Every structure is written in structure tokens, then in C-alpha cells.
Amino acid sequence: DDLIRCVDCGTKPVAAGFGVVEEIDVSINTADSSTTTTTTRNANGNSSSLCAQTQQEINTLIAKQNDGTATLKLLPDIFLCQQNIQNETHARESMAHELIHAIDMCRTKMDPINNCIHMACTEIRAENLAGECHWLRELQRGRMGTNFVGHGAECVKRRAIRSVKANPNCAEKAADYVDAAFDRCFKDTFPFDRHPNLR
């Protein structure tokens with residue numbers, strides 16, 4: 001299977017994304033043993049294309065996990081939404097953002113579905129290291145204002161909160177999770193020896 005794909009994201013207002021939520025079914029064969037089978041399912045319980053998961057389907061899977069009828073895990077999968085990529089720079093920044101998530105998943109036991117601090121940390125790192133909060137991007141978005149000093153950190157925090165809110169498990173306290181993880185994760189530049197904008 002391909003790690004990176006370019007897809008039609010329909011009406012999703014995003015440029016890219018990372019991960020696909022997979023439901024793990026546990027079937028008991030005998031009193032002593034059980035087998036685990038993994039299937040990717042949509043909200044109706046049907047097998048689903050990995051890139052076809054809607055926010056509603058993900059919310060339904062998370063609700064099933066929360067009520068104990070399913071166990072979920074996040075599979076590494078990067079997609080770029082071809083109709084929302086504006087130019088080559090936007091594509092590069094989107095790809096870098098999603099690759100930071102992939103690196104975090106490979107180097108740690110990250111569980112962003114269930115651990116909101118994990119999700120906040122990987123979003124902080126991705127926003128910080130991908131160049132999406134570079135002052136030129138913020139100027140183009142009309143977000144720069146007059147506060148140049150510290151604006152990068154404000155942008156990272158604002159965008160990370162928005163991303164963490166997309167997880168129904170984390171939405172209510174997204175700002176708290178980002179605040180709790182911010183100092184440590186903002187300073188973490190792995191796999192770079194220093195912030196890419198400082199080269």
C-alpha cells in the first residue's frame with residue numbers, strides 16, 4: 001500500500017491529512033483464546049475505502065470505542081487533497097506537515113485518537129516545522145497585524161488548537177491540551193538539528 005496518495009477530498013476544506021482510523025474487532029473462538037481481526041469500516045459497518053472516511057464516520061467509530069463496542073488504532077496514511085492545493089509551496093508545506101506526523105508516529109508510541117496531549121504535540125510540531133506559520137504565509141492570510149515578535153508561536157498555537165478540535169475526544173479542551181504540550185513540543189525540532197527556517 002502507498003503511504004502517500006493524492007485524492008479528491010470532495011467538500012473537505014483541507015489541503016492534506018494524516019492517518020486513517022481502523023476498527024479492530026476481537027472475536028472469541030474458545031473460552032481460552034481469542035483472535036484479533038482488523039477491518040476498516042465506515043459508520044454503517046461496511047468496509048470502506050481508506051480515503052473515504054468522513055468526519056461523521058470517524059466520530060461514529062470514536063463513539064463506538066468510547067462505549068466499549070470497538071477498539072481503534074491510527075494507521076499511517078498521508079493524503080493530499082488535489083483540489084485544495086494552491087501551488088507548489090502549499091503542496092510542499094502540506095507534505096512536510098503530514099510527514100512530521102508520520103515521523104512522530106514512528107519514533108513514539110503516539111496515540112492521537114485517545115491521548116489528546118499526543119495529538120496536541122504532533123500538531124504543534126507539524127505546524128512549527130512545516131513552514132505554515134512562516135511570517136510570509138501569515139501576511140498572505142492577513143493574519144500578521146503589527147505584532148511581528150512571537151507571531152510564529154501564536155500562529156502555531158492557533159492552528160494546533162484548530163486541528164486538535166477535529167478530534168471529538170479532544171474538542172472541548174483543545175486549547176488546554178495545546179497549552180500543556182506547547183513549550184516542550186514547540187522546542188522539539190526532530191528530525192532537524194534546528195528549526196528549518198533558521199538554516
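Buried here means under 20% relative accessible area, exposed means over 50%, and partly exposed lies in between (1.4 Å probe, protein chains only). Cys-155 is buried by that rule, with a relative accessible area of 0%. This is a predicted model, in which local features need pLDDT of at least 70, side-chain atom pairs count only at pLDDT 80 or more, and totals for chains, interfaces and linings use all residues. Residues are numbered from 1 along each chain as its sequence is written, and side-chain values use heavy atoms, with hydrogens and water left out.

Cys-155 has a partner: together with Cys-133 it forms a disulfide (a pair of cysteine sulfur atoms within 2.5 Å), the sulfurs being 2.1 Å apart. The torsion about this S-S bond of Cys-133 and Cys-155 is about -75°, so the disulfide is left-handed. The count of disulfides comes to three. Another joins Cys-116 to Cys-170, S to S 2.0 Å, and both Cys-116 and Cys-170 are buried. Cys-121 is joined to Cys-185, also by a disulfide, with S to S 2.0 Å. Its torsion is about -110°, so this disulfide is left-handed.

Now for the rings. Theirs is stacked, at 4.9 Å centre to centre and 20° between the planes. Phe-182 is buried at 7% relative accessible area, while Phe-186 is partly exposed at 26%.

Conventions
Phe/Tyr/Trp six-rings, centres within 6.5 Å; stacked < 30°, edge-to-face > 60°.
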